[in-house]
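Visitor: I am new to this structure. Please show me how to read its features one at a time.

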Number of protein chains: 2
Amino acid sequence: MTMTPELYNSRFMKAARCEETDCTPVWIMRQAGRYLPEYMAVRSKTTFIDLCKTPELAAEVTLTAREVLGVDAAILFADLLPILQPMGFDLEYVKGEGPVIHNPLMEAKEIDRVKPVESIEVLDYVFQAIKLIRQDLPADIPLLGFAGAPFTLASYAIEGGGSKNYIRTKTIMYNDEAAWKALMERLVESLSKYLNAQINAGVQAVQIFDSWAGCLSPSDYLRYVQPYTKQLIDSIPSETPLINFLTGNPALMPAQVEAGGQVVGIDWRVDLAEARNIIGTDRAIQGNLDPISLYANLDVLAARTKEVLAANAGHPGHIFNLGHGVQPDMNPDNVKALVKMVHEFSAK
Amino acid sequence: MTMTPELYNSRFMKAARCEETDCTPVWIMRQAGRYLPEYMAVRSKTTFIDLCKTPELAAEVTLTAREVLGVDAAILFADLLPILQPMGFDLEYVKGEGPVIHNPLMEAKEIDRVKPVESIEVLDYVFQAIKLIRQDLPADIPLLGFAGAPFTLASYAIEGGGSKNYIRTKTIMYNDEAAWKALMERLVESLSKYLNAQINAGVQAVQIFDSWAGCLSPSDYLRYVQPYTKQLIDSIPSETPLINFLTGNPALMPAQVEAGGQVVGIDWRVDLAEARNIIGTDRAIQGNLDPISLYANLDVLAARTKEVLAANAGHPGHIFNLGHGVQPDMNPDNVKALVKMVHEFSAK
């Protein structure tokens, strides 16, 4: 996929390469979500998973969210978990409860039944959505693809859904490292195919979400997770910027950085200036406003937004974002105000 | 309260003062809990809150847990929340759901109705339990008292129970700093009375639990939390070691350390060697095995226990513990094995 000059020179792509920009680019994790009336107008007519699986609808919510917010990137509307279906997991989105896997891995020996995805074309609805979105996006707005990181998907496959303490995941990981390795390698193989197919379909950058790795100690992350995350990142063409996002434990950052990714996505639990010390100035940083800041009065939100910008101290290579997804009951006007503030406060 | 020579020279108290010990002392957060048959034998005859409020029963579960595990300290069986009752909160322990506050603070202006505890004697059942436990504990085993840290109690008072994102707490904190300050000061005043009364009743050390502060960014912790935690710690006599425990965000550690406490309690999300670099060698460290390690096979548990001990690199002033409470479905034999391992692996 060759990139147009407009995309190559867009605010987001320049910041991802740590080049100077006219102002700091911004997008919002979960920007196409329930808090937006434009999203709910589409979502109310269908189920969550049918919305994901219908390219026209997925494209519509992706595009309208980008447009009404005025953000510098669109992110594909999709979910982390459907990749698990062709790997042998019986996934259902239960109304009001979220995703449930009916046949999670209960023991290490069951890992034999997990197959790497053979033909990624089973997820063709995702690639079709990408093509539709890319057609209708402004020429200077990049489209981001994404996938879950191997640990986060392994946890879902083992716990069967959300988890507080990751007891079964860690027990398998600790007690049977060979089985764990087999599971992680099959996930890496599948995720690599998935992300590369997204790139071939037309996304300009990709993000991996290690949403659950924060439950790990640094030595466990290094031993059981980082090698596989690194394998996945290494399989992505270097001209496509990869955002390596991890939340929940700032002490993992040195190992997270070492795993790779031209952009390091961080949550709000760490000061961005401190993160810059660890990450250096040759990698971009994405983040890191506490999402709950969006409930504050606009003058407080402005002060908090300035704090995040100031913490980066003007280094090229900052992509503004929340430290985690926007809340479903958020007032969309506050999100729009935030986007304007970021552009205004950072304008050169 | 003068301390006997046996207590002063006990393994735990020496380690708290960063003096050499024959081996590393160990106790387990939530050691008197549902995983223990000795606890369930008492608990099955009454409710959780009646167990807390009956000094003879609270003493019994405290003492038997200490004895069956062979740990180096006992910790008072009590709950974090009853201090909120005399401050005006309607607290109920709902079967199967845990604590519920029926009249949480919905808005900043309601903070006026929160009163600091006037007479701490309303919690006399706690002090009576302490006296009973101290009578029956071995002469060289210290008894630990504890309380919630101001932020953790403020969150309960505002959210009314557990919370995922602390939306109401942070919104009040961000939007009305004067109201937040008033709430935190009333909590500090009440908690100071409570901990000092525990010390007068006979505990040898106290722990404050900032179980929920990990949801905060470093700058929010510094601005909205640390000054109050410091006020509370400064109000405790310096001859009584205080364990300042915080979980959920290693990036808060420098500010946590600055708040005070002769012992810094850490969770497993950080490498203990890294924590030692930040904390220094004139303060003791308590922690920090991932509690889920106790589900692993005993040889894996042994290796993980050795890793934690090795990370401290033999500095005097290490109190071994989990990074968080023991799980309710844990096999008590594994906890007993862990205590033995810590003593054996660290023996001089």
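Guide: Start with the crossing of two helices, where a crossing is left-handed if the near helix is turned anticlockwise from the far one by less than a right angle, and right-handed if clockwise. Helix 7 of chain A passes helix 9 of chain A in a right-handed crossing. Helices (H or I, at least four residues) and strands (E, at least two) are DSSP runs, numbered from the N terminus. This is a predicted model, in which local features need pLDDT of at least 70, side-chain atom pairs count only at pLDDT 80 or more, and totals for chains, interfaces and linings use all residues. Residues are numbered from 1 along each chain as its sequence is written, while chains are lettered from A and ligands numbered from 1 in the order in which they are written.

Visitor: At what angle do helix 7 and helix 9 of chain A pack?

Guide: Axes are lines fitted to C-alpha atoms, for helices over the stretch in contact, and angles run from 0 to 180 degrees between N-to-C directions. Helix 7 (residues 150-159) and helix 9 (residues 177-201) of chain A pack at about 115°, and their axes are 10 Å apart.

Visitor: Which residues make the contact between helix 7 and helix 9 of chain A?

Guide: Two residues are in contact if their C-beta atoms, placed from the backbone, lie within 7 Å. Helix 7 of chain A contributes A:P150, A:L153 and A:A154, and helix 9 of chain A contributes A:L183, A:M184, A:L187, A:V188 and A:L191. By kind, the residues of this contact are 8 nonpolar, no polar and no charged. Here Ala, Val, Leu, Ile, Met, Phe, Trp, Tyr, Cys and Pro count as nonpolar, Asp, Glu, Lys and Arg as charged, and the others, Gly among them, as polar.

Visitor: What is the order of the strands in the open sheet of chain A?

Guide: Two strands pair if DSSP finds at least two bridges between them. In chain A, the order of the 7 strands is 1-4-5-6-7-8-9, with parallel pairing. Strand 1 (74-75) and strand 9 (318-322) of chain A stand at the edges with a single partner strand each, so one side of each has no neighbour in the sheet. Inside this sheet, strand 4 (residues 143-148) and strand 5 (residues 205-210) of chain A are joined by 5 bridges, and A:L144 stands opposite A:A205. Helix 13 (residues 272-279) of chain A packs on the sheet, touching strand 7 (263-265) and strand 8 (284-289) of chain A.

Visitor: How many residues of chain A are in contact with chain B?

Guide: 27 residues of chain A are in contact with 27 residues of chain B. Helix 8 of chain A gives the most to this side, with 5 residues. The side of chain A that touches chain B has 12 nonpolar, 9 polar and 6 charged residues.
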